[in-house]
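Reader: Could you walk me through this model, please? I would like to begin with a charged pair and then move on to the packing.

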Amino acid sequence: MQKLKFSYFQLTFGQEEAYLHPEKTYQRLKRCGYDAIEITPPKGRYGLGVKMEDYARRHNELRAEYGLEVSCINECWGEMWDPYSPVYKTMTEPKTAALAVAETKTSVDFAAEVGAPFVTVATAIHAPVDADNVAECVAVAVDALRQMCDYAKERGIRLVFEATNHLEMGKFVNTALNHKRIIELVQRDNLGIQLDWFHANFEELNPYEAVMDAQPLLWHMHFRDSNSLTPGYGTVDFKAVIRAIKKSGYTRYCTIESSPMVPDSDTAAKDGIDYLKICERIADYQISAEYPNGYSIHR
């Protein structure tokens with residue numbers, strides 16, 4: 001059975017390391033056995049003044065030196081989630097959705113420069129969504145996503161639509177099924193789903209159903225535990241997650257994320273991948289013909 005591929009979301013190691021000393025991340029990930037890195041471009045308050053073109057060039061040098069791929073570009077839209085910011089970006093109001101489209105285009109360009117197959121987008125809301133305004137909000141989101149997808153298509157990039165919890169992004173499209181419903185309205189073949197197991201722990205009925213509900217559009221995943229720490233430090237049933245993705249034929253990256261980085265960056269990175277590899281070994285056995293007796297009845 002094909003083994004899972006593991007990546008790490010670089011920004012969770014902190015802005016100083018991510019933007020001023022990215023070589024530290026590559027060294028850590030290579031040492032811990034990762035296959036790839038997920039990057040957030042240097043924008044707004046995140047970027048510490050680093051230029052996009054210089055950052056792309058540096059990552060191309062580092063990925064060649066350390067033999068790591070870039071699994072995804074995590075958009076984040078360049079600002080902290082501050083709804084009072086004049087550059088706050090959403091998917092539910094025309095002016096702020098236009099900002100989201102423009103910002104996502106720059107991340108698509110960055111993805112093309114560093115060889116990343118995916119760019120993450122999410123559904124921040126401008127104001128509370130309810131039964132009276134949901135149709136209008138959906139129309140704005142669909143139009144924005146179409147514009148993003150069309151631009152990304154020209155550059156050979158796919159977008160992954162992250163299902164986020166209602167406490168961070170508001171009540172709108174918080175589940176895999178609702179993301180699939182939006183994608184069906186968008187009608188573009190380069191828009192899929194990204195599940196984050198921290199967010200899914202709030203919104204989904206259980207991990208297995210979330211994976212099944214996302215099919216066949218599950219293209220990327222964030223592995224973060226119920227308390228936002230590295231996998232194994234909380235209560236998410238990652239063996240059930242891995243059984244589900246193995247049964248569904250998932251072959252793309254599993255990106256680990258830990259925020260805050262507890263107890264420290266090296267330990268969180270090592271414990272996360274080691275724990276998921278143990279879960280994978282157990283899950284492989286649990287879905288094999290030899291489970292639970294150690295032999296197959298087909299012999």
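Author: Lys153 is partly exposed, with 47% relative accessible area, where buried means under 20%, exposed over 50% and partly exposed in between, using a 1.4 Å probe and protein chains only. Please bear in mind that this is a predicted model, in which local features need pLDDT of at least 70, side-chain atom pairs count only at pLDDT 80 or more, and totals for chains, interfaces and linings use all residues. Residues are numbered from 1 along each chain as its sequence is written, and side-chain values use heavy atoms, with hydrogens and water left out.

Reader: Which residue does the side chain of Lys153 meet in a salt bridge?

Author: The partner is Asp189, at 2.7 Å from N to O, a salt bridge being a side-chain nitrogen of Lys or Arg within 4 Å of a carboxyl oxygen of Asp or Glu. This pair links distant parts of the chain, since Lys153 belongs to helix α5 while Asp189 sits in the loop between α7 (176-186) and β6 (191-196), 36 residues apart. Helices here are DSSP runs of H or I with at least four residues, strands are runs of E with at least two, and both are numbered from the N terminus. Asp189 is exposed, at 57% relative accessible area.

Reader: How many salt bridges does the structure hold?

Author: There are 17. One of them joins Asp109 and Arg155 at 2.9 Å, N to O, and this pair also links distant parts of the chain, with Asp109 in helix α4 (residues 94-114) and Arg155 in the loop between α5 (134-154) and β5 (158-163), 46 residues apart. Asp109 is partly exposed at 30% relative accessibility, and Arg155 is partly exposed at 33%.

Reader: And how far apart are Arg57 and Asp54 in helix α3?

Author: They are three residues apart in α3 (residues 52-66), which means a separation of about one helical turn, and their side chains meet in a salt bridge of 2.9 Å, N to O. Arg57 is partly exposed at 45%, as is Asp54 at 35%.

Reader: Which residues are linked in a network of salt bridges?

Author: Lys3, Lys246, Glu280 and Asp284 are linked in that way.

Reader: Switching to the largest nonpolar core, which residues touch the most other members?

Author: Leu195, Trp197 and Phe223 do, out of 88 residues, the core being a set of buried Ala, Val, Leu, Ile, Met, Phe, Trp, Tyr and Cys residues joined through side-chain atoms within 4.5 Å. Helix α5 gives the most to this core, with 11 residues. Leaving aside neighbours within four places in sequence, Phe223 has contacts that include Trp197, Pro231, Phe238, Val241, Ile245 and Leu276.

Reader: Last one: which residues of α2 meet α11?

Author: Arg28, Arg31 and Cys32 in α2 do so, touching Ser265, Asp266, Ala269, Lys270 and Ile273 in α11.

How values were computed
Contact means heavy atoms within 4.5 Å.
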